[in-house]
Amino acid sequence: MLNDCLFCAIPAGEIPSDKVYEDEYVFAFRDINPQAPVHILVVPKVHISCAQEIDENNSIYVAKCFEAIAKIAKAEGLDNGYRIVNNCGADGGQSVMHLHFHLIGGKKFPETII
């Protein structure tokens, strides 16, 4: 955990959140600025700055994030589909430098991403 990392502090209980899921690898909570009816952030419980830093030593956390996403989507009733978004680095629009996935759904999205 990094002392100044928001997405390390939230799972540690240092900052309140609207938790929707937690296991030993993953923490998920509702986004405070939702872009859709369902907008949940899914973060690994270890600090990985961005997708560029995924390797054989930490990839288990990414797999566990996707396993959690499937469970959360089912619990949220996203039976007709959803979108998973990851921003990597400044040019990719990443604002918090801790790997995280946006699970967004509850409405029909266009096929285009941008």
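The model is predicted, so local features need pLDDT of at least 70 and side-chain atom pairs count only at pLDDT 80 or more, while totals for chains, interfaces and linings use all residues. Residues are numbered from 1 along each chain as its sequence is written, and side-chain values use heavy atoms, with hydrogens and water left out.

**The sheet**

Let's start with the strands, which, like the helices, are DSSP runs numbered from the N terminus (helices: H or I, at least four residues; strands: E, at least two). Five of the strands make an open, antiparallel sheet in the order β1-β2-β3-β5-β4. β1 (19-22) and β4 (82-85) are its edge strands, each pairing on one side only; pairing here requires at least two DSSP bridges between two strands. On average, neighbouring strands are turned by 20 degrees against each other, direction ignored (axes are lines fitted to C-alpha atoms, for helices over the stretch in contact, and angles run from 0 to 180 degrees between N-to-C directions). β4 runs antiparallel to β5 (residues 101-105), and four bridges join the two.

**Aromatic pairs**

Rings of Phe, Tyr and Trp (its six-membered ring) pair if their centres lie within 6.5 Å; planes under 30 degrees apart count as stacked, over 60 as edge-to-face and the rest as tilted. The count comes to four aromatic pairs, including these two:

| Pair | Centre to centre | Angle between planes | Type |
|---|---|---|---|
| F27 and F29 | 6.0 Å | 45 degrees | tilted |
| F66 and F101 | 5.0 Å | 65 degrees | edge-to-face |

F66 sits in helix α2 (residues 59-75) and F101 in strand β5, so their pair ties together parts that are 35 residues apart in sequence. Ring pairs also link F7, F27 and F29 into a cluster.

How covered are these rings? Buried means under 20% relative accessible area, exposed over 50%, and partly exposed in between (1.4 Å probe, protein chains only). F27 is buried at 4%, F29 is buried at 5% and F101 is buried at 6%, whereas F66 is partly exposed at 37%.

**Out at the surface**

Y82, in strand β4, is partly exposed at 34%. I32 lies in the loop between β2 (26-30) and β3 (38-44) and is exposed, with a relative accessible area of 87%.
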